[in-house]
Amino acid sequence: MITKIRRSLLPGVLASIGVLPGCGPMLRAQTPLAAAAGSSLPLNAVLVLTPEFCKTVSRQGSMWTTGRESFKVGQMACTDLEPALKPAFRSLTVATAPPTSGGAQVVLVPKFAGTHATRTAFAFANRELDVMLEWRAMDSTGKTVWLQTVRGSSKHHMGNMFTHGHDVKLVVRDSVKAVAEQSATKMEAAAELRKLASAETSPGN
């Protein structure tokens, strides 16, 4: 009788201390994955922000029909990209051209792949802006190791003709900020960049 009671109580005791039969291997397998999630890349990176990139202005619409609009995405990107990407790498420096020598283990070159803004039929409606960035990551030899397009979006309440310019700046600001944050997330999760980091930190390098 006592033996039966002990057997019936055993699962409850094990559960109270977080141990159940068959769960040990699963918990051990999850630990490395949890530790790697969101971890920065052990690479010295150079972010290339050329003057042409920083001056990029996306235009949409027609002067004769819907009206011509300009979105100064380059100016905003050259402000937001460095602080967004810095935590994703061991070190990050900014250059106006790809380096020809130095200690860069990975060179990051962004390029605008397009923007698209929804139109509103009425004043004081919501409007959405998508900003696409194409990223090319190269190793120290100039070989492309990672190529991906990242999208950032935001939605803002548009006012009337008197506040239009200010409202456009807000939607551009938030869309570029979103694509910068998404870029950092994609880079941290990129298997190709993780592989490059492993190769750079292996013995003999």
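A residue counts as buried when its relative accessible area is under 20%, as exposed when that value is over 50%, and as partly exposed in between. By this criterion, buried residues make up 32% of the 205 residues in the protein chain. The structure described here is a predicted model.

**Overall architecture**

The protein chain contains 6 helices and 7 strands. Along the sequence, these elements follow the pattern α-α-β-α-β-β-α-β-β-β-β-α-α. Among the contacts in the protein chain with a separation of 6 or more, 66% are between residues 24 or more positions apart. The accessible surface of the protein chain comes to about 12,600 Å². Carbon and sulfur atoms account for 59% of that surface.

**The disulfide**

A disulfide is a covalent bond between the sulfur atoms of two cysteines. The structure holds 1 such link. It joins C54 to C78, with an S to S distance of 1.9 Å. The pair links distant parts of the chain, as C54 lies in helix 3 (residues 51–54) and C78 in helix 4 (residues 73–85), 24 residues apart. The link of C54 and C78 is left-handed, with -90° about the S-S bond.

How accessible are the two cysteines, C54 and C78? The table gives the value for each residue.

| Residue | Relative accessible area | Class |
|---|---|---|
| C54 | 23% | partly exposed |
| C78 | 22% | partly exposed |

Because buried means under 20% relative accessible area, C54, at 23%, is classed as partly exposed. C78, at 22%, likewise counts as partly exposed.

How values were computed:
Residues numbered from 1 in each chain as written. Predicted model: local features only at pLDDT ≥ 70, side-chain atom pairs only at ≥ 80, totals over all residues. Heavy atoms only, no water. Helix = DSSP H or I, 4+ residues; strand = E, 2+ residues; numbered from the N terminus. Buried < 20%, exposed > 50% of the residue type's maximum accessible area, 1.4 Å probe, protein only. Contact = heavy atoms within 4.5 Å. Areas by Shrake-Rupley, 256 points an atom, 1.4 Å probe, with all protein chains shown as cover. Disulfide = S-S within 2.5 Å.
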